[in-house]
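Subject: Structure handover

Hello,

Here is the structure you were waiting for, with the sequence.

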Amino acid sequence: MNTFVQKAIANAKGVAEADFVADGSYGVEIGMETSLSLQPEESAALNAAITPAIGLYTEYASDNEEVATVDANGNVTAVGEGTATVTATVYGKTATCAVTVGDYAIGVEDFTAVQVDFTTLDGSAEIVCDTFTVGGKTGEFFKWSSTAYQPFLKICGDRYAALKAYCATKGYNALKVTAFPVLTDNMLVLGGGDEAVTAANKVWYKLNQWTTSVISVEDFAGVYLWSQSTGTTEVYFTVEPCMEYLQYFENLNASAPYSLSIAADKGEYTKGNQFVYTLSGNAYRPTATMNAAGIAKIKEFAERNGYNTLRVFNTALNDNAAFGYLNDDPALYNTDGTAGWGMDKTIAISDLAGLAFWITAIDSPVTVDIVMEFSYVKTPVVSASDFENPFTDRPFALNYIGSKGDYTAKNQFVYSFGGSSYQPTAKLSAEGIAKIKAFAEANGYNTLRCFVYTAAADDFSTFGYFNESLTGYNTNGAENTWHIDKSVAISELTAFSFWTSKQNESVSVEFVLEFLTK
């Protein structure tokens, strides 16, 4: 844009001649996020702040729309895993935001080995990531070897900034470091900056022992592993972002002390939505109660990550540890819908007002691992009651499953359907059609796809009646054919049925209703 046009537009917005910089262009500054970490289908607003704020037009663009797109208002939507750069431009001035889609995977490239004076170690340190069996565990670990005097291994600078941005997006507040020193008698994990250590977590990692500690990701600009070996260092370890809730638990009964810590071994509960703690005590029913700040953190984490349900259970599924106070009354809901204390409980995040762990054993030593598991439980767009039977002599069974296998996204709804009569058929009611259209409009979808989920699916389970002429559109656009995979534009959807083509034979299949934007 030339100087004359720039000035004309700026003057029209009230910018004085004196406000232009020497080269004749208007001095614009853009302030916005420099990095975002999202999951597929997640969105975030860049919130670009233009100085001075005179309503100048901002143009946004993504260099990789297969990973992330951006609209005219700076709203970024994650599409697929990978990285993209989103650029905001105002009057020739630009600002960029690095977008990462998918979980942040800490890799060998994130670490730098340094001397005790923080100068880089050359040739005396090695770090690899592979599958190892060590200390009674088999898994994917980092292995750090060094011959330097008390070496440090650090994640700092841009690497830590990217990790910190990911944690901020996901709602994590800590890094969990689990390590097994083999040749090193003592090791510490510390927080600091790019060239300095400022705080230690006070947990020693002992020789030939798996030890876990956490360090705040928010309070520092880097994290260090410090081997106090004066000879050869060999350490196996993992580093993973986590939500550290320990600080939010309180003991409201001083006569019943307990110990609550992050579990060193998560066992099978290793997913990002699962947090495992070890609770132990030997007094009269020791109880760890989460305070209001902890409840707020749970709700914040759930909102950031799209969860609406919290399940709490002990891994042994025995009555040594129970849970309660998940609502305003001293009770909560079990997974079977009953109220009370129990070893396996589930509650809607919106209903969560309190949380306590306790040990039911009386005056006897007990240690138990407890899992806090977040999930998204979907309310169906159409329920089984929205389907009608147009043939009373052809009964069928229809149930809403929710999520299953690979089909867990918010736009995917899994059902089971079966029968044993002559070609049982379930027809969606007019109210059900209206619900589908309302959901699609509210969430920006324009296409409905229906397909058989069952791995052994064949032509005995098919779908059709997507329009008034009792035909359906296949995913390839062909008409007049029933099939195991069909798509239709929401605007053309006037009827919908699914059926099994088997005659007087028992059949049961699972299928998915998937909403899409095409």
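The largest pocket holds about 1500 Å³ of space. Please keep in mind that this is a predicted model. In all, 42 residues line the largest pocket, and those nearest its centre are Gln39, Pro40, Glu41, Ala409 and Lys410. Several elements give two or more residues to that lining: helix 2 (157-170), helix 3 (292-305) and helix 4 (430-443), along with strand 3 (43-45), strand 7 (75-78), strand 28 (366-375) and strand 37 (507-516). By residue class, the lining of the largest pocket has 17 polar, 16 nonpolar and nine charged residues.

The second largest pocket comes to about 960 Å³. Its lining is made of 35 residues, with Thr238, Val239, Glu240, Lys266 and Thr270 nearest the centre. Two or more residues each come from strand 12 (137-146), strand 14 (174-181), strand 19 (233-242) and strand 22 (274-281). The lining of the second largest pocket divides into 19 nonpolar, eight polar and eight charged residues. Domain 2 (108-242) and domain 3 (246-375) each supply at least three residues to the lining of this second pocket.

On the serine: serine 145 sits in strand 12. Is serine 145 buried or exposed? It counts as buried, because its relative accessibility is 19% and the cut-off for buried is under 20%. Leaving aside residues up to four places away in sequence, serine 145 touches Ser124, Ala125, Glu126, Thr233 and Glu234.

Regards

Definitions and conventions:
Residues numbered from 1 in each chain as written. Predicted model: local features only at pLDDT ≥ 70, side-chain atom pairs only at ≥ 80, totals over all residues. Heavy atoms only, no water. 1 Å grid on protein atoms, 1.4 Å probe; cavity = no way out; pocket = protein on both sides within 12 Å on 5 of 7 lines; lining within 4 Å. Points joined across faces, edges and corners; volume = space filled by probe spheres on them. Helix = DSSP H or I, 4+ residues; strand = E, 2+ residues; numbered from the N terminus. Nonpolar A, V, L, I, M, F, W, Y, C, P; charged D, E, K, R; others polar. Domains from an automatic or database assignment. Buried < 20%, exposed > 50% of the residue type's maximum accessible area, 1.4 Å probe, protein only. Contact = heavy atoms within 4.5 Å.
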